[in-house]
Amino acid sequence: MACQGIDLLSTKAAGNGHGENSSYFDGWKAYDTNPFDLRHNRGGVIQMGLAENQLSLDLIEEWSKNHPEASICTPEGVSQFKRIANFQDYHGLPEFRKAMAQFMGQVRGGKATFDPDRVVMSGGATGAQETLAFCLANPGEAFLVPTPYYPAFDRDCCWRSGIKLLPIECHSFNDFRLTKEALVSAYDGARRQGVSVKGILITNPSNPLGTITDRDTLAMLATFATEHRIHLVCDEIYAGSVFATPEYVSIAEVIERDVPWCNRDLIHIVYSLSKDFGLPGFRVGIIYSYNDAVVAAARRMSSFGLVSSQTQYFLARMLSDEEFIVRFLQESKRRLAARHERFTSGLREVGIGCLRGNAGLFSWMDLRRMLRVKTAEAELELWRVIIHQVKLNVSPGTSFHCREPGWFRVCHANMDDETMEVALGRIHDFVRQHQQRRVKAERWAANRQLRLSLPHHHFSAAHLSSPLALLSPQSPMVRATS
């Protein structure tokens, strides 16, 4: 029934621009059809493809219980019901914008200041990215993005706006760091193809790498943007989730201290409370632009995705509680660090490495040695085994536009300790089985080669055949089904 009348829809509505058919979203579908539950479905798929922070929600719950006046639906807060329920100004509640600007500075260690009048609301970071795309580029124009990058950027930035995202190729030999040479190559390549480049989009900290962009690179990007009159959009939604050294550096700090002469009209920041606070359901996205015209246009566009006034009111009260915010950020970082260490050390027990990270809610796991061959197809083959046999929803690197097969993003902050231990146990079993099959296959291959090299001996097909002959010496792992 849902497919009938599709010819009556617009091209956009009927098309595949949303990106739901990618492996990134396919993993979510596998989880949705058979979700793991500690008590009721221990054989289900464990969700490790969703970057949510559920490690510190108890702190927010505790604050909420202790501050009933923050809700207009309690006896302590109902006196504000009429004012808040009737508030619909797309500028947002003044107290919310003030509290958000203060919090953004606090998250960045007080090394940058933010003006409440430049805070623009949107329906999550998704809405913020799309609004900026509409403000900064026309259909067919492009932004350059370092790889690997968040798969849903293709939806957020491109689906309805019609702009393009072009990759800046980064590589594992230098831990996927962005270099000026790679940036210039991508920029010049786009220009040769006749594509108008309107800006650069980065995530800092990086999703999926879990690393931060250093001060010198940020200064280089701001300088490049100024020299070429293109925009620089910095998605900083994990700024408060940096749990180890080196310390986080925001583009806001860099343009104040390192390159104060850069053209600030070209600098824009995206933030939200979905990751650092673990509140994706509140749909709080923020655009912070240094360009007056962008602020004005984005604020008008925000009418299509406002944050509810009740949510604004609650958050204004919580974010203004400086003592609580300091304690929350410290404890959240401590818990993220402990979870990251437990997960990565668990992988090391079976010889699996990760890119060294210090931020975010995930790890960039290296399974290149487990590939049958070093191709994108082999990566997806391995991914299907992990999804359907190991029953872990991890995200393949190809879905993040990574050109080097064998990397996977694994989220580990969206579950309790017991579930994570179950996930690690599954990984251990899978890797050990793979290693055992590899050893057997290599031994059989060596014996076969020895027999073939012996002079004056003839072996029958029965002597040379073995069940292991059906397995590739490169990777004897069971093949996945599509």
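Tutor: A strand here is a DSSP run of type E with at least two residues, and strands are numbered from the N terminus. The model itself is predicted.

Student: Where does Ser363 lie in that scheme?

Tutor: Ser363 belongs to strand 10, which spans residues 362–366.

Student: Why is Ser363 called buried?

Tutor: Buried means a relative accessible area under 20%. Ser363 has a relative accessibility of 2%, so this residue counts as buried.

Student: What makes the pairing of Ser363 with His412 a polar contact?

Tutor: The distance between the side chains of Ser363 and His412 is 2.9 Å.

Student: Which other residues touch Ser363, leaving aside neighbours within four places in sequence?

Tutor: Besides His412, the contacts of Ser363 are His340, Phe343, Thr344, Cys354, Phe408, Arg409 and Val410.

Student: Let us turn to helix pairs. Why are helix 3 and helix 13 described as roughly antiparallel?

Tutor: Helix 3 covers residues 57–66 and helix 13 covers residues 322–348; they pack at about 155°, with axes 10 Å apart. Angles over 145 degrees count as roughly antiparallel, and helix 3 and helix 13 therefore receive that description. Their crossing is right-handed.

Student: Which residues form the meeting of helix 3 and helix 13?

Tutor: Helix 3 contributes Asp58, Leu59, Ile60, Glu62 and Trp63, which meet Phe324, Arg327, Phe328, Glu331 and Arg335 of helix 13.

Student: What makes helix 5 oblique to helix 12?

Tutor: Helix 5 (residues 94–107) and helix 12 (residues 309–319) cross at roughly 45°, and their axes come within 8 Å. Roughly parallel requires an angle under 35 degrees, and roughly perpendicular runs from 65 to 115. The value falls between those classes, so helix 5 is oblique to helix 12. The contact involves Glu95, Phe96, Ala99, Met100, Gln102 and Phe103 from helix 5, together with Gln312, Tyr313, Leu315, Ala316 and Leu319 from helix 12. Helix 5 passes helix 12 in a left-handed crossing.

Student: What makes phi worth noting at Phe176 and Arg283?

Tutor: Most residues other than glycine have a negative phi. Phe176 has a positive phi near 60°, and Arg283, which is not a glycine, has a positive phi of about 55°. Phe176 is in the loop between strand 4 (164–168) and helix 8 (180–192), while Arg283 is in the loop between strand 7 (267–272) and strand 8 (284–289).

Student: Why does Leu218 count as buried?

Tutor: Leu218, in helix 9, has 0% relative accessibility, which is under 20%, and therefore counts as buried. Beyond four places in sequence, Leu218 is in contact with Ile202, Asn204, Thr213, Val249, Ser250, Ile251 and Val254.

Student: What makes Glu253 a buried residue?

Tutor: Glu253 is part of helix 10 (residues 251–257). Its relative accessibility is 2%, under the 20% limit, so the term buried applies to Glu253. Not counting residues up to four places away, Glu253 touches Lys111, Ala112, Arg215, Tyr248 and Asp258.

Student: Which annotation covers residues 46–427?

Tutor: The unreviewed UniProt entry annotates them as "domain: Aminotransferase class I/classII large". Over this range the chain is 41% helix and 15% strand, and the end C-alpha atoms are 12 Å apart.

Methods. Residues numbered from 1 in each chain as written. Predicted model: local features only at pLDDT ≥ 70, side-chain atom pairs only at ≥ 80, totals over all residues. Heavy atoms only, no water. UniProt positions renumbered as here; feature names shortened; annotations may be inferred. Helix = DSSP H or I, 4+ residues; strand = E, 2+ residues; numbered from the N terminus. Buried < 20%, exposed > 50% of the residue type's maximum accessible area, 1.4 Å probe, protein only. Polar contact = N/O pair within 3.5 Å; in protein donor to acceptor, adjacent residues only side chain to side chain. Contact = heavy atoms within 4.5 Å. Axes fitted to C-alpha atoms, helices over the stretch in contact; angles between N-to-C directions. Left-handed = near helix turned anticlockwise from the far one by under 90°.
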